[in-house]
Amino acid sequence: MAADNSKQFWKRSAKLPGSIQPVYGAQHPPLDPRLTKGFIKDRSKGNALALKSKKASSFHEFARSTSDAWDIEDDEDGDSSPRQTLNSKVAMATAVQVLENHSKQREKPEQLLSADDVPSSCKVIKSSSEAHISSNSADSFARHPLHKQQSLPLRPVIPLAARISDQNASGAPIMTLREKTRMEKFRQLLSSPNTDLDDLRKCSWSGVPREVRPVTWRLLSGYLPANMERRMQTLQRKREEYFGFIQQYYDSRNEEHHQDTYRQIHIDIPRTNPLIPLFQQPLVQEIFERILFIWAIRHPASGYVQGINDLVTPFFVVFLSEHVEEDVENFDVQSLGEDILRSIEADSFWCMSKLLDGIQDNYTFAQPGIQKKVKALEELVSRIDDQVHKHFAKYEVEYLQFAFRWMNNLLMRELPLRCTIRLWDTYQAESEGFSHFHLYVCAAFLIKWRKAILDEEDFQGLLMLLQNLPTIHWGNEEIGLLLAEAYRLKYMFADAPNHYRR
């Protein structure tokens, strides 16, 4: 009994250091929507000692309420009835069956299986007791609905960092006829003697296929020329130029007037996508340190600012995917040749530099670019959804408190990396995508959560929601809808700024 009490104490105590509790902060990854509130709210009345639902008044209470959201028996302090045990087994058996059915539907998308069409082989039954449970699962399911399943659509579960370089992460992996046609169009444009950049932007707006994304990004960022004959010469010259900067400047990182810059970079690099193994490799971190330090030395007006380290990662992943067939999040870069790594490093540096050239006022002293964009976002939201705007004012939530990071990191802390790459396809294709169109994406992103925002009725709840928006399972469909709404807002307001000025 003492051992059980000790186990419960260590699991539950949020105040004691070392307690086994998840920590959700304003960083990667966004909160999983299945772990937030709402899933155990309508628990069965058969739970005799169920905890009373109450609003979390502190961060520790919020963390404690999410830590055992999947463990019903812990809420009963070990005093569970046979009926509750039966319900948990029914839930597990039903969940396994649903997942297997869904996997078979993905393998044969043209055949939609109904509940009556599921073969008996799909039922996972290990013993006669489980067979008895399965036979009564329909009645038990009707009496005790599984809110977890009802709250989430039936779609493949995307792991935290899985398929970060695959644009089809949220949909069927099989290339459709439309995708084949688009791929052919890209190949024609890229193989022509002089690539029509306007046509390339039009094709890229709705997403770039993974196979042609590296060369497309180089062209759209202005790093490569449109003329086919000049490309290899340009690549060779720019790569040599970058490593010339390394030889000229990198040793100065130990000098007194550069030590602060290098120390801050050195601290921030391990924090970059900490849950993706690729970015925790020492060789990758050394590459990032060189890229960021050289950029800071060559741009003294702003120098290095926290947040710029995130902007390297999409370019690095895209250019790495050019040499890696499998998903790159677990790839060991030491298996690549030195020449390949040098080309990835140089290309990432130049493309990041092109991006930052358009938004450098975001990172100069006092960051005036971000201040202006946050103010413009506030004015825009006040016109397109006055109820949300007044809700923020009622609970004294300032836009700068949550939107500063949206502008500083280009929503990279709010979205999985795979979604950022898809978003940047459109930013590269859109005129002033990173500096101007991003404002409308942020507005559309905020309004998407209007219901959840209006449901929160205190300052703490609003800030916690806005800093941990549940986007971990987002994929192409969600980003496509977000971009479509952002384009609609831009079409309405971009050329008529007085429309959103009171």
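Which residues form one aromatic cluster? The legends below refer to a predicted model.

**View 1. An aromatic cluster that includes Tyr487.** The cluster is made up of Trp205, Trp217, Phe315, Phe319, Trp424, Tyr427, Phe434, Phe437 and Tyr487. Tyrosine 487 belongs to helix α23, residues 476-493, and is partly exposed at 41% relative accessible area. Together with Tyr491 and Met492, Tyr487 also forms a nonpolar surface patch of about 370 Å² accessible area.

**View 2. The aromatic pair of tyrosine 250 and phenylalanine 293.** The whole structure holds 26 aromatic pairs. In this one the rings are edge-to-face, with 5.9 Å from centre to centre and 80 degrees between the planes. Tyrosine 250 is in the loop between α11 and α12, whereas phenylalanine 293 is in helix α13, so the pair ties together parts 43 residues apart in sequence. Both partners are buried: tyrosine 250 has a relative accessible area of 12%, and phenylalanine 293 has 0%.

**View 3. The aromatic pair of phenylalanine 392 and phenylalanine 402.** The rings are tilted, at 5.4 Å centre to centre and 50 degrees between the planes. Phenylalanine 392 comes from helix α17 and phenylalanine 402 from helix α18, so this pair links parts 10 residues apart in sequence. Phenylalanine 392 and phenylalanine 402 are both buried.

**View 4. Charged side chains over aromatic rings.** Arginine 342 lies over the face of phenylalanine 243, 3.8 Å from the ring centre. The charged end of lysine 448 sits over the ring of tryptophan 449, at 5.9 Å from its centre.

**View 5. Serine 343 in helix α15.** The helix spans residues 338-357. Serine 343 is buried, with 10% relative accessible area. Leaving aside residues up to four places away in sequence, serine 343 touches Arg239 and His323.

Conventions
Residues are numbered from 1 along each chain as its sequence is written. This is a predicted model: local features need pLDDT of at least 70, side-chain atom pairs count only at pLDDT 80 or more; totals for chains, interfaces and linings use all residues. Side-chain values use heavy atoms; hydrogens and water are left out. Helices (H or I, at least four residues) and strands (E, at least two) are DSSP runs, numbered from the N terminus. Buried means under 20% relative accessible area, exposed over 50%, partly exposed in between (1.4 Å probe, protein chains only). Contact means heavy atoms within 4.5 Å. Patches are made of residues with over 30% relative accessible area and no salt bridge: like charges are joined within 9 Å, nonpolar side chains (Val, Leu, Ile, Met, Phe, Trp, Tyr) within 5 Å. Accessible areas come from the Shrake-Rupley method with a 1.4 Å probe; for residues, only the protein chains shown count as cover. A salt bridge is a side-chain nitrogen of Lys or Arg within 4 Å of a carboxyl oxygen of Asp or Glu. Rings of Phe, Tyr and Trp (its six-membered ring) pair if their centres lie within 6.5 Å; planes under 30 degrees apart count as stacked, over 60 as edge-to-face and the rest as tilted. A charge sits over a ring if NZ of Lys or CZ of Arg is within 6 Å of the ring centre and within 35 degrees of the ring normal.
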